[in-house]
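Welcome! Then read on for a short tour.

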Amino acid sequence: QVQLVESGGGSVQAGGSLKLSCAASGLTSSNYAMGWFRQAPGKERQFVVGFMWDGARIYTADSVKGRFTISRDDAKNTVYLQINSLKPEDTAVYYCAADRGFRKYYSTASDYTRDMYYWGKGTLVTVSS
């Protein structure tokens with residue numbers, strides 16, 4: 001059974017930093033595409049940044065470029081999201097997701113997003129001004 005468990009969220013002031021973690025069990029993170037999404041209050045879920053299985057970054061939302069960095073520790077089967085220079089508009093529940101296509105490549109961000117199959121329960125990030 002695949003489980004993704006996010007942690008590291010919290011309340012911070014604008015300009016601060018957080019590092020979110022996503023611990024995977026039931027799958028090997030180095031064999032599957034994994035990424036981060038977020039959903040702000042009253043808004044649709046947004047794809048933020050994600051890896052292909054081989055660690056090649058596929059997409060980073062323009063609103064977070066230069067501030068959000070995804071990384072992976074294969075030994076710990078964990079994916080991280082480093083968030084710097086936080087803004088109030090970054091307030092959201094952040095979700096980790098993984099596909100189920102073993103070593104599958106995606107040619108577009110929309111295909112990548114569509115095939116995300118396993119989801120964590122999310123971790124809340126609240127940024128105050």
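Leaving aside its neighbours within four places in sequence, which residues is Lys87 in contact with? Lys87 is in contact with Arg67 and Val127, where contact means heavy atoms within 4.5 Å. Please keep in mind that this is a predicted model, in which local features need pLDDT of at least 70, side-chain atom pairs count only at pLDDT 80 or more, and totals for chains, interfaces and linings use all residues. Residues are numbered from 1 along each chain as its sequence is written, and side-chain values use heavy atoms, with hydrogens and water left out.

**Lys87 and its loop**
- You can find Lys87 in the loop between β8 (78-83) and β9 (92-98); strands are DSSP runs of E with at least two residues, numbered from the N terminus.
- Lys87 counts as partly exposed because its relative accessibility is 34% (buried means under 20% relative accessible area, exposed over 50%, partly exposed in between, with a 1.4 Å probe and protein chains only).
- Between the C-alpha atoms of Lys87 and Ser21 there are 19 Å, and the two residues are 66 apart along the chain.

**Nonpolar cores**
- The largest nonpolar core has 28 residues, of which Met34, Trp36, Leu81 and Tyr94 touch the most other members; such a core is a set of buried Ala, Val, Leu, Ile, Met, Phe, Trp, Tyr and Cys residues joined through side-chain atoms within 4.5 Å.
- Strands that each supply at least two residues of this core include β3 (18-25), β4 (34-39) and β11 (123-128).
- Ala33, Met52, Ala97 and Tyr106 are among the eight residues of a second, separate core.

**Ala98**
- Ala98 sits in strand β9 and is buried because its relative accessible area is 0%.
- Not counting residues up to four places away in sequence, Ala98 touches Leu4, Leu27, Ala33, Met34, Met116, Tyr117 and Tyr118.

**Aromatic rings**
- The whole structure holds nine aromatic pairs (rings of Phe, Tyr and Trp, its six-membered ring, with centres within 6.5 Å; planes under 30 degrees apart are stacked, over 60 edge-to-face and the rest tilted).
- One of them is the tilted pair of Phe68 and Tyr94, with 6.4 Å centre to centre and 45° between the planes.
- This pair links distant parts of the chain, as Phe68 in strand β7 and Tyr94 in strand β9 are 26 residues apart.
- Phe68 is buried at a relative accessible area of 6%, and Tyr94 is buried at 0% relative accessibility.

Methods: Helix = DSSP H or I, 4+ residues; strand = E, 2+ residues; numbered from the N terminus.
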